[in-house]
Amino acid sequence: MKTQDYIKMEDEFGAHNYHPLDVVVRDAKGVWVYDVEGKKYLDCLAAYSAVNQGHCNPKIMEVFVEQAKHVTLTSRAFRNEKLPLLYKKLHDMTGYEMFMPMNSGAEAVESAIKLARRWGYTVKKVEADKAEIIVATGNFHGRTSTIVGFSDDPSSYKDFGPYCKEAFPMHEYGNLEDLKSKITKNTVGILVEPIQGEGGVVIPPDGYLKGIETLCKENNILFMCDEIQAGLGRSGKLFAHYYENVKPDMVIIGKALSGGFYPVSGVLTSKEVMLTIKPGEHGSTFGGNPLAAAVAVKALEVIEEDKLVEKSYEMGKYFVEKLNAIKSPHIKLARARGLWIGFVLDTKARPYCEKLMEEGILCKETHENIIRFAPPLVITKEEIDWAIEKITKVVKELD
Ligand SMILES: Cc1ncc(COP(=O)(O)O)c(C=O)c1O
């Protein structure tokens, strides 16, 4: 079958909840993917930062295959020999006391919401069913019905209600005064992304995360930081909140936690918060299974061993400098934290993405006029130079 045959079959029999570029991927290695006709592309999306370690990372692959020969899934009614190692690894790497494993990012966010509410009722003593979690404008935390209920993007929430808006008051992202005005005696958590990825790599003003930490301390509220896309090296630090030296009460992780081999996510927090949920009160068939745990430990080790955080920081600086040197009336600016770049145009970004695909670069528009460049963190200077040449060509053609 050829590209067009696959597209036809997909559109006929599959849900139309995505608008993918017309490339059909068959193979991938490192920063490169190959379509069914054998054409090679530089992947500048990295599966929304799930393949920070590079596609089909050989070290993770080895563990994945080896573990699959032993045991992949046991019920959490039994213990398995890999999960404790993941708990310990995350503790050693992040300093958090405990971890609760889930699968998708949205499930991890849901788990964090349940933990915050449970803590609110049992520790903070908020009146029954009154707990509030303050969220931000422009947020993206996943696609479950609770989560889309506190999105302000109609394409996420429209016609999926009813919602419980009172449970998730919204403040303007980056605005501490507005945030302060939303705090009540029922506030149990403040949930934010340290940088908004789906929002277009939106970096909040300096002092915002520090301000949230202070407000949380002053008002006995949990600071809940969604690092699902920002975390594990993408921003040039292990976590994006390190840029402000804060310690959120909860850190939510996913995506690169498996290097793209398997959905692995979860919540890092203190014993005080984690142990408010008792046996039988929350769980997941696949969460914490031995295959997931083994893969996650290796995915974390690769981030350390291959110095991916440092690489992200250095290569990100290099990439964004080169992007900002491209002259075009349509380019507003390129902003970045690590290898996470929002390339902001004054016009629709989709035609640029389509042309870039023709030139062998895969990237995706976000919010109509922003292109997000977020390649695997293993990208080299030479590969960035190659990309810049292609991007410059496309920008000039579309001027
Ligand atoms: C910040 C953030 N939170 C949550 C999610 C949801 O993760 P998943 O798609 O794995 O459910 C995403 C996905 O893009 C995300 O970027």
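1. β1 and β2 form a hairpin with 2 residues between them, and G30 in the turn has a positive phi of about 60 degrees. Strand β1 (residues 25-29) and strand β2 (residues 32-35) pair in the antiparallel sense over 4 bridges; two strands count as paired if DSSP finds at least two bridges between them. Within this pair, the bridge partner of D27 is Y34 in β2. Helices (H or I, at least four residues) and strands (E, at least two) are DSSP runs, numbered from the N terminus.

2. On the numbering and the model: residues are numbered from 1 along each chain as its sequence is written. The model is predicted, so local features need pLDDT of at least 70 and side-chain atom pairs count only at pLDDT 80 or more, while totals for chains, interfaces and linings use all residues.

3. β2 also pairs with strand β3 (residues 40-43), to which 3 bridges join it in the antiparallel sense. Y34 stands opposite K40 in β3. β2 and β3 form a hairpin with 4 residues between them, and here the turn residue with a positive phi, of about 90 degrees, is G38.

4. The domain assignment of the chain gives domain 1 (3-57 + 307-398) and domain 2 (71-305); such bounds come from an automatic or database domain assignment. The centres of the two domains, taken over C-alpha atoms, are separated by 27 Å. The contact takes 27 residues from domain 1 and 22 residues from domain 2, where two residues are in contact if their C-beta atoms, placed from the backbone, lie within 7 Å. On the side of domain 1 that touches domain 2, α2 (46-49), α12, β12 and β15 each supply at least two residues. The largest share of that side, 5 residues, comes from α12.

5. How does the end-to-end distance of helix α12 (residues 308-324) agree with what its 17 residues should span? At 1.5 Å a residue the helix should span 24 Å, and its end C-alpha atoms are 23 Å apart, which agrees. The expected span is 1.5 Å times one less than the number of residues.

6. The buried residues of α12 are L308, V309, K311, S312, M315, G316, F319, V320 and L323. They cover an arc of only 140 degrees around the axis, which puts them on the same side of α12; the arc is that of the directions from the helix axis to the C-beta atoms. A residue is buried if 20 or more other C-beta atoms lie within 10 Å of its own, exposed if 12 or fewer, and partly exposed in between, with C-beta atoms placed from the backbone. The buried residues of α12 pack against α11 (290-305), β11 (331-336), β12 (341-345), β15 (370-373) and α14 (381-398).

7. An open sheet is formed by 4 strands in the order β11-β12-β15-β14, with antiparallel pairing. The edge strands are β11 and β14 (364-366), each of which pairs on one side only. From one strand to the next the twist averages 30 degrees.

8. Two elements lie on this sheet. α12 lies across β11, β12 and β15, running at about 175 degrees to β11. Helix α13 (residues 350-359) packs on the sheet and touches β12, β14 and β15, and its direction makes about 170 degrees with that of β14. Axes are lines fitted to C-alpha atoms, for helices over the stretch in contact, and angles run from 0 to 180 degrees between N-to-C directions.

9. β15 pairs with β12 in the antiparallel sense over 4 bridges. I341 stands opposite F373 in β15, and the bridge partner of G342 is R372. β14 and β15 pair in the antiparallel sense over 3 bridges, with I371 in β15 as the bridge partner of E365. β14 and β15 form a hairpin with 3 residues between them, and H367 in the turn has a positive phi of about 50 degrees. I370 and R372 point one way from β15 and I371 and F373 the other way, and all are buried.

10. Is strand β5 (residues 132-136) enclosed or open? 5 of its 5 residues are buried, so β5 is largely enclosed by the rest of the structure. E132, I134 and A136 point one way from β5, and I133 and V135 the other way. β5 runs parallel to strand β7 (residues 187-192), joined to it by 3 bridges, and I133 stands opposite G189 in β7. β5 also pairs with strand β6 (residues 170-171) in the parallel sense over 2 bridges; in β6, the bridge partner of V135 is M170.
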